[in-house]
Amino acid sequence: MDRNAKRKIIILVLLTGIIALFHYLTPTEPHDYHKIHIVLRKLYFLPPVMAAAWFGLRGACFTALAVSLLFILHAFLDWPGNYMEQANQVGELAGFWLAAVIPGWLFDRQRSLLRELANANEETLLGLVSALDLRERNTRLHSQRVREYTELLAKRYGVDEKMRREIGFGALLHDVGKIAVPDSILLKPDKLTDEEWQEMRKHPAAGYRIVQRISFLKEAAEVVHAHHERYDGTGYPRGLKGDAIPLGARLFMVADVYDALTSQRPYKPALAHEDAATEIQKQKGTQLDPEVVTTFMAIEPAELLQIAERYHDANSKDNFR
Ligand SMILES: [Fe+2]
């Protein structure tokens with residue numbers, strides 16, 4: 001169970017406890033106290049509804065059960081002789097369960113719809129990356145590995161979950177702007193001329209223009225735009241320096257360099273983790289953000305290996321096999 005869920009359970013237990021305490025302690029007579037007593041009784045509806053929002057149907061039913069037991073115990077201790085009041089209390093009990101079951105079901109349904117939507121988004125973006133892969137082979141696996149390295153690094157850096165996901169999308173889509181680069185340049189086996197380089201260097205801005213239009217990819221667009229910047233300000237397209245480079249891009253850069261070093265390319269063999277780590281250390285402060293490099297160095301090599309193996313091209317001779 002994560003820390004957030006534990007915190008929510010503690011809030012529910014405390015809230016239920018406080019409501020029950022005041023409900024038990026407030027006398028039912030004289031009349032003014034009775035009014036407060038009735039209001040406190042109504043507050044028992046709150047924990048099941050909150051549990052429904054936080055934990056769905058199961059959590060809501062569990063909370064309704066706890067609230068019902070407290071309510072029933074109070075009814076026994078302070079048994080109402082009046083038949084009308086007895087009926088009223090039974091109605092109240094049924095109300096707790098309705099307040100748990102209906103929102104619980106609705107929240108569960110909403111969660112599953114959101115999950116479906118997230119999966120659909122994910123598949124669409126992977127489709128976009130696969131389209132690029134058809135032109136420039138192996139970019140999909142590279143993009144998927146770099147995305148996971150970036151997300152892992154972002155987690156260790158203390159980035160929250162929502163932001164991590166957005167930065168991850170940016171890492172996945174970083175080279176999407178290459179769609180705008182002509183085949184004669186993108187697939188040229190020889191060295192590029194100066195003019196060709198100029199053309200190639202337009203891909204971060206082209207990618208930014210594509211991604212920035214999608215509302216849930218605003219942060220991702222920043223990563224795409226800045227993925228060729230360098231910490232010392234000598235990168236492109238804007239020559240941003242230090243913290244002016246969006247954090248997502250600074251995290252991506254370390255992940256990207258690591259993946260490039262540990263992958264085999266036609267012109268170089270794949271480096272082992274230790275050698276890649278040494279190379280990354282050398283780029284501290286020049287290409288790479290020193291703080292991000294320090295965070296990266298603290299990651300267990302086995303965790304990186306797991307990611308590399310998940311997106312491994314069976315035909316390449318990368319050092320992870
Ligand atoms: Fe790029």
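Select Asp313, which lies in the segment after helix H14 (301-310); helices (H or I, at least four residues) and strands (E, at least two) are DSSP runs, numbered from the N terminus. The model is a predicted one, in which local features need pLDDT of at least 70, side-chain atom pairs count only at pLDDT 80 or more, and totals for chains, interfaces and linings use all residues. Residues are numbered from 1 along each chain as its sequence is written.

Asp313 has 16 other C-beta atoms within 10 Å and is therefore partly exposed. The classes are as follows: a residue is buried if 20 or more other C-beta atoms lie within 10 Å of its own, exposed if 12 or fewer, and partly exposed in between, with C-beta atoms placed from the backbone. Leaving aside neighbours within four places in sequence, display Asn138 and Leu141, with which Asp313 is in contact; a contact requires C-beta atoms, placed from the backbone, within 7 Å. Next, draw a distance from Asp313 to Asp32: their C-alpha atoms are separated by 75 Å, and the two residues are 281 residues apart along the chain.

Now show the whole chain. The protein chain has 14 helices and zero strands. Its radius of gyration is 29 Å, well over the 20 Å that the globule rule gives for 321 residues, so the chain is more spread out than a compact globule. This radius is taken over C-alpha atoms, and the globule rule is 2.2 Å times the number of residues to the power 0.38. Along the principal axes, the C-alpha atoms fill a box of roughly 95 × 40 × 35 Å.

Colour the two domains separately: domain 1 covers 3-111 and domain 2 covers 136-318, with bounds from an automatic or database domain assignment. Their centres, taken over C-alpha atoms, are separated by 52 Å.

Move to helix H3 (residues 46-77) and select Leu73. Leu73 counts as exposed because it has 12 C-beta neighbours inside 10 Å. Tyr24 is 49 residues away from Leu73 in sequence, and their C-alpha atoms are 9.8 Å apart in space.

Then select helix H5 (residues 139-157), whose 19 residues should span 27 Å at 1.5 Å a residue; its end C-alpha atoms are 26 Å apart, which agrees. The expected span is 1.5 Å times one less than the number of residues. After H5 comes Gly158, with a positive phi near 95 degrees.

In the loop between helix H10 (218-226) and H11, select Pro237. A cis peptide bond joins Tyr236 to Pro237, with omega about 5 degrees.

Finally, colour by pLDDT, the predictor's confidence in each residue, from 0 to 100. The chain has a mean of 91, and 98% of its residues reach 70 or more. Confidence is lowest in helix H2 (residues 31-42), at a mean of 84, and highest in helix H13 (residues 290-297), at 97. Over residues 317-321 the pLDDT is below 50. Where pLDDT is low, the predicted coordinates should not be read in detail.

Definitions and conventions:
Contact = placed C-beta atoms within 7 Å.
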